[in-house]
Amino acid sequence: MGRMALPAHPAHDDLRRRWASATGHAPHADRYADDLLARWAEPQRRYHTTDHLLAVLDRVDELADHADDPDAVRLAAWFHDAVYLPERSTNEERSARLAERALPELGVGPARTAEVARLVRLTVTHDPAEGDRDGEVLCDADLAVLAAAPDAYAAYAAAVREEYGFVPDDAFREGRAAVLRQLLGLPCLFRTPHGARAWEERARQNLTTELRLLESGM
């Protein structure tokens with residue numbers, strides 16, 4: 001995989017340990033971890049950063065008892081935004097293909113590799129099928145930021161706007177409002193029992209507040 005020098009982050013040692021555990025302590029695992037961490041630290045990112053990776057992994061751990069294959073979900077978390085260019089619509093597909101190339105090189109079997117790639121592609125819609133427990137865990141973990149405390153949610157929304165700094169204000173407000181309306185129109189944002197119980201109400205409050213603010217500026 002080989003990429004740029006890795007910027008420092010206080011969680012890197014912990015993340016490397018977590019990566020090694022999820023990959024079964026495969027030989028050369030650190031090299032792959034460093035490549036992924038360098039991707040998550042690319043300069044165009046403001047929200048989809050190492051901190052987001054860490055937050056998603058923490059939420060996966062919180063929800064792990066619900067998953068059929070928790071380590072597949074953890075690996076999918078590592079890859080789900082490994083390729084991220086805000087102006088592109090192919091990030092999830094390219095991230096899934098990266099997983100399909102990298103994981104066999106680490107000795108991860110075909111079935112788990114396929115599951116990881118499937119989960120990464122699922123983050124296009126965040127709409128797992130009923131009974132897709134791995135998909136429910138990854139999607140809930142990725143969307144858990146929507147249930148953050150109001151100040152943290154405001155920081156998330158501001159970071160998303162920064163990532164799309166190349167989009168004019170009016171176009172951004174219109175597009176972001178459409179995304180929020182789509183989310184609010186879902187019968188449920190979170191599919192795991194814990195997510196539904198702990199995160200649904202606050203997430204809807206946050207989304208409604210952001211939508212109201214956007215509409216007031218339109």
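**Exercise 1. Find which backbone oxygens the side chain of Asn91 reaches, and say where Asn91 sits.**

Step 1. Start with the side chain: Asn91 reaches the backbone oxygen of Leu85 at 3.0 Å. It also gets to the backbone oxygen of Arg88, this time at 3.3 Å. Both are polar contacts (a pair of N or O atoms within 3.5 Å; within protein, one must be able to donate a hydrogen and the other to accept it, and residues adjacent in sequence count only if both atoms are side-chain atoms).

A quick word on what you're looking at: this is a predicted model, where local features need pLDDT of at least 70 and side-chain atom pairs count only at pLDDT 80 or more, while totals for chains, interfaces and linings use all residues. Residues are numbered from 1 along each chain as its sequence is written, and side-chain values use heavy atoms, with hydrogens and water left out.

Step 2. Now place the residue: Asn91 belongs to helix α5, residues 91-105. Helices here are DSSP runs (H or I, at least four residues), numbered from the N terminus.

Step 3. Check the surroundings. Leaving aside residues up to four places away in sequence, Asn91 touches Val83, Tyr84 and Leu85, where contact means heavy atoms within 4.5 Å. With a relative accessible area of 5%, Asn91 is buried (buried is under 20% relative accessible area, exposed over 50%, partly exposed in between, with a 1.4 Å probe and protein chains only).

**Exercise 2. Work out how the buried residues of α5 are arranged around the helix axis.**

Step 1. Get the length: α5 has 15 residues and reaches 22 Å from first C-alpha to last, close to the 21 Å expected. That expected span is 1.5 Å times one less than the number of residues.

Step 2. List the buried ones: Asn91, Glu92, Ser95, Ala96, Leu98, Ala99, Ala102 and Leu103. Seen down the axis, they fall within an arc of 160 degrees, so they line one face of α5. The arc uses the directions from the helix axis to the C-beta atoms.

Step 3. Look at both sides. The covering of the buried residues includes α2, α4 and α6, while the face turned away carries the exposed Arg101 and Glu105.

**Exercise 3. Two histidines, His25 and His126, have a positive phi: is each buried or exposed?**

Step 1. His25 has phi near 55 degrees and lies in the loop between α1 and α2. His25 is exposed, at 60%.

Step 2. His126 has phi of about 50 degrees, in the loop between α6 and α7. His126 is buried, at 19%.

Terms used
Helices (H or I, at least four residues) and strands (E, at least two) are DSSP runs, numbered from the N terminus.
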